[in-house]
Amino acid sequence: MQGSVQLRSDPATQYLLRIGDTCLILGQRLGEWCGHAPVIEEDIALTNMALDLIGQARAVLTHAGKAQGFDEDQLAFLRDEPDYLNPTLVELPRGDFAFTMLRNLMVATWLKLLWQRLAASSDAELAAIAGKALKEARYHQQHAADWVVRLGDGTPESRRRSETALAQLWPYAAELFEADAVDDAARASGLGPGAAELQEPWLAEMDQVLAEAALTAPKESSFRSTGRRGIHSEHMGHLLAEMQHLQRAYPGGVW
Amino acid sequence: MTASNEWPLWEVFVRTKAGLDHKHCGSLHAADPKMAIQMARDVYTRRQEGSSVWVVRSDQITASDPGDKDMYFDPSDDKVYRHPTFYKLPKSVDHM
């Protein structure tokens with residue numbers, strides 16, 4: 001059994017892990033659709049996007065671990081649960097197709113806005129990663145937006161499922177925009193935007209799609225998820241068990 | 001899904017790079033043109049195959065009847081004079 005790695009968690013590393021882990025964990029969730037999507041064309045589309053996200057995670061995690069001598073695989077597979085800093089939103093079980101598409105829209109819209117800002121990061125490598133990832137995120141956003149509109153403004157069944165997904169997912173968006181010391185440090189150093197800065201443009205773009213889908217965002221609630229601080233939902237442990245067990249059982253195993 | 005509410009079939013044409021023709025590369029099911037274009041992108045251009053995609057409803061294509069194959073195409077088998085190989089080209093128009 002392979003032991004865990006422990007990173008020193010300076011603010012810049014935490015900032016990078018939050019981004020890299022968002023891509024990694026959503027990529028893992030989207031991969032669960034492989035062989036299960038409603039039609040084969042969509043099956044391929046979802047796994048394409050899962051691999052886009054894992055590619056982004058590889059780049060960001062490689063960058064985050066380099067200074068401390070860890071590689072992408074160690075960071076992806078050998079951390080303990082509290083050391084993953086993705087927002088809770090991306091670790092929730094994949095749900096039905098309406099749930100997956102709405103979550104993809106929420107995350108892709110957020111990542112697109114984030115990559116846009118990171119393209120001007122003071123960290124040249126992060127800026128280069130962002131430039132490449134931005135094109136992928138734009139497509140993910142468009143793909144998800146189309147489905148959210150189709151399903152929201154579709155049959156009574158698809159509308160019911162869309163409304164349910166929106167009620168379940170919306171409260172988890174608040175965490176994306178909660179500023180803390182990690183964000184303040186990133187803003188001060190020019191590494192990237194603070195979390196709160198993305199809220200307004202995110203809401204504007206979401207509102208546009210939801211209006212077209214004839215859906216209404218729920219009222220703001222006081223609920224706050226805490227994944228970005230390493231305190232995860234009950235689902236994270238199960239996800240990690242599945243994701244990590246090969247590397248834990250067969251250390252250094254490769255294709 | 002029953003046959004009556006299945007998504008229609010679309011033929012996909014991909015252009016590999018500017019200046020070349022769009023080539024037929026397969027078909028897929030999609031609800032409308034927009035979805036067909038996106039799915040064509042996801043299914044047929046994953047390995048750098050494309051710089052442009054066309055889709056067309058399969059039922060909009062009129063095809064020759066396979067039963068007419070003899071009548072349509074065999075007569076051209078022995079018409080070698082239709083090939084331009086008998087003409088001598090001036091040197092100045094090389095590479096035709």
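Two residues are taken to be in contact if their C-beta atoms, placed from the backbone, lie within 7 Å. The structure is a predicted model, in which local features need pLDDT of at least 70 and side-chain atom pairs count only at pLDDT 80 or more, while totals for chains, interfaces and linings use all residues. Residues are numbered from 1 along each chain as its sequence is written, and chains are lettered from A and ligands numbered from 1 in the order in which they are written.

Helices (H or I, at least four residues) and strands (E, at least two) are DSSP runs, numbered from the N terminus. In chain B, three strands form an open, antiparallel sheet in the order β2-β1-β3; strands pair if DSSP finds at least two bridges between them. Strands β2 (22–29) and β3 (52–57) of chain B are at the edges with a single partner strand each, so one side of each lacks a neighbour in the sheet. Strand β1 (residues 9–15) of chain B is joined to the antiparallel β3(B) by six bridges, and R15(B) stands opposite S52(B) in β3(B). Across β1, β2 and β3 of chain B lies helix α1 (residues 33–44) of chain B, at about 130° to β3(B). Axes are lines fitted to C-alpha atoms, for helices over the stretch in contact, with angles from 0 to 180 degrees between N-to-C directions.

In chain A, helix α5 (residues 124–152) has a kink of about 30° centred on A133(A), the bend being the angle between axes fitted to the seven residues ending at a residue and the seven starting there.

The contact between the chains takes seven residues from chain A and nine residues from chain B. On the chain A side, α2 (40–66) and α5 each supply at least two residues, and α2(A) gives the largest share, four residues.
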